[in-house]
Amino acid sequence: MSETDLLSPLKNESPPAPNELVTTAGSLRALRLAKGWTLADVEARLKFAAKHIDALESERFDSLPRGLALKSLVKNYARLLGVDSKAIERALEPYIGTVTG
């Protein structure tokens with residue numbers, strides 16, 4: 001491994017295994033990239049703005065919508081990627097609030 005590789009850990013990030021629990025929103029980016037999808041691809045499939053998808057993947061939670069819109073984004077994105085959304089939803093509870101459904 002070269003020095004450049006060590007300085008750029010995200011370049012070498014591998015997606016979680018299919019049975020591995022996705023516990024951070026940042027893991028979603030690795031899963032998306034493993035599928036060869038761009039932000040525009042996901043935006044077209046989910047009908048959520050690319051800026052919100054990028055903010056979720058980058059864990060810039062203050063840039064995300066709140067409440068039901070955020071919960072819907074997380075659930076639909078996780079479903080699209082084939083992972084369980086529950087751990088991410090728990091991590092985002094302060095931003096989602098007490099929305100049920």
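Where is E59 placed? In this predicted model, in which local features need pLDDT of at least 70, side-chain atom pairs count only at pLDDT 80 or more, and totals for chains, interfaces and linings use all residues, E59 lies in the loop between α4 and α5 (68-81). Residues are numbered from 1 along each chain as its sequence is written, and side-chain values use heavy atoms, with hydrogens and water left out. Helices are DSSP runs of H or I of at least four residues, strands are runs of E of at least two, and both are numbered from the N terminus.

Most residues other than glycine have a negative phi. E59, a residue other than glycine, has a positive phi near 60°. With a relative accessibility of 37%, E59 counts as partly exposed (buried means under 20% relative accessible area, exposed over 50%, and partly exposed in between, with a 1.4 Å probe and protein chains only). K47, likewise not a glycine, has a positive phi of about 65°. This lysine, K47, occupies the loop between α3 (39-46) and α4 (50-57) and counts as exposed because its relative accessibility is 69%.

The loop between α4 and α5 also contains F61. A search of the whole structure finds one aromatic pair (rings of Phe, Tyr and Trp, the last by its six-membered ring, pair if their centres lie within 6.5 Å; planes under 30 degrees apart count as stacked, over 60 as edge-to-face and the rest as tilted). The partners are F61 and Y95, in a tilted arrangement with 5.5 Å centre to centre and 50° between the planes. The pair links distant parts of the chain, since Y95 belongs to helix α7 (residues 93-96), 34 residues apart from F61. F61 counts as buried at 19% relative accessibility, whereas Y95, at 22%, counts as partly exposed.

The largest nonpolar core comprises 22 residues, of which L56, L73, Y77 and L92 touch the most other members (such a core is a set of buried Ala, Val, Leu, Ile, Met, Phe, Trp, Tyr and Cys residues joined through side-chain atoms within 4.5 Å). Helices α2, α3, α4 and α5 each supply at least two residues of this core, and the largest share, six residues, comes from α5. When neighbours within four places in sequence are left aside, L92 is in contact (heavy atoms within 4.5 Å) with L56, F61, L70 and V74. L56 also lies 7.3 Å from G26, C-alpha to C-alpha, although the two are 30 residues apart in sequence. G26 is situated in the loop between α1 (3-7) and α2 (27-34) and counts as buried at 16% relative accessibility.
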